[in-house]
Amino acid sequence: MNTWLTRLKQTTYNTSFMYNVRMIIAFSGTAFVPYFLDYQLATIPLTLGVVAAGLSDIDDRFSVRLLNLVYTYIGFFVTATSIYFLFPHPVLFAIGLIISCIGFILLGSLGRRYATISYGCLVISVYSMLGVHLFEEWYMQPSLLVAGAAWYGLISTISFLLFPVRQVQDKLSECYSSLGNFLFAKSNLFDVDMTPQSYQQSMIDLSLENGKLVGIFNEMKTALLTRLKGDRGQRDTRRSLQYYFVAQDIHERADSAHIDYQILTKVFEHSDILFRFQRILSIQGKACKDLSESILLRKNYKHNKRFKHAFQNLKVSLEKLRDDNHYDPIWINALFSLYQNLKSIDAQLRNLETEQNIVFDKSKHIENQLKDDDLKGWDDIVIRIKQHLTPESVLFRHAIRLSIVLLVSYIFVQVTQIQYGYWIILTALFVCQPNFNATKRRLRLRIVGTLIGIIIGEAVLYFIPSIEGQLLLLVLSGVLFFELRSKQYAQATAFITILALINFNLDGLGFSAAVPRMIDTLIGCALAWLGVTFIFPDWKFRRLPHSIQRSLQAQCNYLNEVIQQYKQGRNNGLNYRVVRRAAHNTDADVASLISTLATEPDFDPTQKSQAFEFLCLNHTFLSYIAALGAHRAQITDPEILNLLNQAQEDIQGALLKDEMPDLTTQNMLQTIRQRLTQDKKEDQLSLIILQQLSLMFSILQQLSHLKQNLSNERDDQATEFASL
């Protein structure tokens with residue numbers, strides 16, 4: 001009996017399984033309740049209501065979740081009703097379509113919840129067009145769409161009440177899993193057989209993994225923040241908060257760079273030291289993966305016993321290197337700093353589950369705060385919307401582009417009177433994305449998925465003529481669509497196509513809808529492609545100089561905050577974590593932008609090479625700052641403090657104003673290093689500061705030069721484009 005209960009408990013921890021159970025219940029209700037009531041036509045709007053509600057579902061605390069549901073239902077009903085009354089009047093309908101589309105998309109500037117609800121309303125508007133002929137009474141389709149959405153909302157709310165911290169736990173597990181991937185990528189930099197080409201690829205991989213991790217951290221912060229606002233001292237929420245802060249601290253230490261890895265692999269090419277560092281990073285990555293699984297399964301994490309032996313051997317190897325006069329002391333000191341950093345990561349993982357680490361300490365409340373990005377009132381709403389009322393805003397360009405694409409699609413349907421033409425609008429809505437590459441990828445997947453769905457759907461209607469069998473497959477298709485929509489878009493499209501064909505078959509039009517569905521999909525994809533190509537084309541390379549400038553500014557802010565803590569003492573307060581996160585966010589933006597540019601057919605090979613070189617150097621510079629931040633502590637040596645001030649001024653001048661520094665800072669570095677050597681003073685912290693500043697200045701000129709080259713070339717391209 002206990003074994004059975006244990007297995008049942010573990011099954012409930014499987015989020016994917018429980019989500020699929022929820023969707024099975026939701027689609028079963030919309031499929032079979034009308035069947036037993038002998039009102040099968042109601043299945044169509046009820047099912048579409050579930051789909052729209054599922055796409056609009058958003059994680060939030062209970063009180064706000066209920067408010068979100070009310071907003072969603074009101075939005076769905078008003079939208080569907082407007083479609084019904086405007087449908088017979090094409091001119092008014094077209095005006096309403098373009099205004100509502102722009103309005104809904106710009107509402108996304110107010111935050112995640114508004115963006116999600118607005119998108120659901122857009123989906124409902126097109127679904128209402130598809131079914132406007134089904135019912136004579138104006139209120140029937142809107143009511144049934146809202147009923148389907150409310151049915152899904154009831155099930156999701158019950159699930160939330162049963163497992164209130166499930167979303168936070170899942171996101172926390174994802175954080176540590178991604179952190180493990182980051183550590184694995186970092187370990188590749190200690191490969192003694194590294195070539196310049198493999199080093200650059202390893203740095204690119206590390207930057208992209210860093211971008212993924214930072215994105216997950218941002219999602220985790222949002223999930224935690226909404227829980228903490230409604231928290232009444234719940235232990236699970238506070239525990240998750242501590243785990244989140246530990247993950248951020250591990251990330252800062254793991255991202256630290258105490259040395260130039262390319263030179264490092266050459267200097268210690270025939271030593272065992274790099275293999276030992278690489279092995280420890282790898283097993284720390286595995287430890288983060290194990291911790292991720294423990295969080296997911298609600299088990300206690302057990303720290304790997306191999307760490308103790310591995311660190312002992314690493315320390316012995318380091319001491320032997322220090323006794324060997326063959327190596328420069330600067331390299332040995334850097335390796336010892338790296339050793340201390342890895343030991344700190346080990347301590348964080350080893351002590352994570354102890355009571356003293358998971359109990360919320362009110363005396364350190366300032367270190368347990370999260371930045372609240374929610375709306376602060378009407379003034380904040382006006383400011384946020386105004387910020388996006390410019391072609392420079394991606395959201396604004398997408399709003400104008402999508403509204404015009406939908407308008408052209410509607411005009412095309414009206415002029416041609418094409419059968420089931422509103423599928424064109426639906427396809428354009430789903431395919432048209434804010435950037436060109438994402439749209440292009442979805443075009444291909446949408447066409448392939450629709451074709452597969454039509455072939456399978458027609459076979460289903462032919463070989464399974466019974467209503468009961470088709471309803472079962474409708475439920476299965478709906479569940480698989482939601483399971484795959486964020487993982488395998490082509491397969492998800494295939495299943496939603498099968499669901500659509502079964503729905504149309506309930507209206508007696510199943511077989512006749514197959515070919516028009518394919519034709520409409522092709523037309524909708526073509527219009528979406530034309531839209532992203534010619535309407536405010538999102539040639540992202542024009543924003544590369546702006547993204548580079550933002551990233552370098554954020555890094556300078558991060559460095560400034562680190563230096564302030566060397567003056568005032570270490571703390572993990574909100575301001576420090578905000579500037580650190582901003583530096584990593586902008587670095588991730590640059591990495592994402594440059595990797596996207598690489599897929600553009602007209603991206604010049606020379607510029608591509610420079611862009612990837614900048615990407616590597618930019619992340620390397622951030623890693624040097626992170627190492628300085630990882631060891632931050634108050635210092636009193638006036639020469640070191642003056643050096644930090646001078647270095648900060650020089651770095652900001654070089655990166656932000658293109659003013660290369662004179663030799664003042666370099667001379668100060670050399671003077672202090674000589675003093676410490678003559679005094680034979682083992683001031684480890686001062687040596688770390690000197691080493692990190694030396695590393696920063698070693699790539700400062702190259703980083704500034706690449707920034708100027710990329711900015712100038714892009715400005716020239718933009719001028720040339722504007723003159724055409």
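## Terms and model

A residue is called buried when its relative accessible area is under 20%, exposed when that area is over 50%, and partly exposed in between, using a 1.4 Å probe and protein chains only. By that rule T533, with a relative accessible area of 13%, is buried.

This is a predicted model, in which local features need pLDDT of at least 70 and side-chain atom pairs count only at pLDDT 80 or more, while totals for chains, interfaces and linings use all residues. Residues are numbered from 1 along each chain as its sequence is written, and side-chain values use heavy atoms, with hydrogens and water left out.

## The chain as a whole

Let's start with the overall picture. Of the 724 residues in the protein chain, 54% are buried. The chain exposes about 32,000 Å², and carbon and sulfur atoms supply 58% of that area; accessible areas come from the Shrake-Rupley method with a 1.4 Å probe, and for residues only the protein chains shown count as cover.

A contact here means heavy atoms within 4.5 Å. Among contacts in the protein chain between residues at least 6 apart in sequence, 82% join residues at least 24 apart.

## Helix 3 against helix 21

Two packed helices are described by the angle between their axes and the distance between the axes. Helix 3 (residues 43-55) and helix 21 (residues 489-506) pack at an angle of about 155 degrees, and their axes are 9 Å apart. Axes are lines fitted to C-alpha atoms, for helices over the stretch in contact, and angles run from 0 to 180 degrees between N-to-C directions. Helix 3 and helix 21 are therefore roughly antiparallel, a label for angles over 145 degrees; under 35 is roughly parallel, 65 to 115 roughly perpendicular, and the rest oblique.

On the helix 3 side, T43, I44, T47, L48 and V51 meet I496, L499, N503 and L506 of helix 21. By class, this contact has six nonpolar, three polar and no charged residues. Nonpolar covers Ala, Val, Leu, Ile, Met, Phe, Trp, Tyr, Cys and Pro, charged covers Asp, Glu, Lys and Arg, and polar covers the others, Gly among them.

## Buried positions in helices

S337 lies in helix 14 (residues 329-350) and is buried at 4% relative accessibility. Leaving aside residues up to four places away in sequence, S337 touches H258, H631, Q684 and I688.

T533 belongs to helix 22 (residues 514-534). Its C-alpha is 7.2 Å from that of F436, although T533 and F436 are 97 residues apart in sequence. L241, in helix 10 (residues 235-254), is buried at 0% relative accessibility.

## Two loops with positive phi

Most residues other than glycine have a negative phi. Q417, however, has a phi near 55 degrees; Q417 sits in the loop between helix 17 (394-416) and helix 18 (422-431) and is exposed at 57% relative accessibility. D658 also is not a glycine and has a positive phi, of about 60 degrees. Its place is the loop between helix 26 (638-656) and helix 27 (664-679), and at 36% relative accessibility D658 is partly exposed.

How values were computed:
Helices (H or I, at least four residues) and strands (E, at least two) are DSSP runs, numbered from the N terminus.
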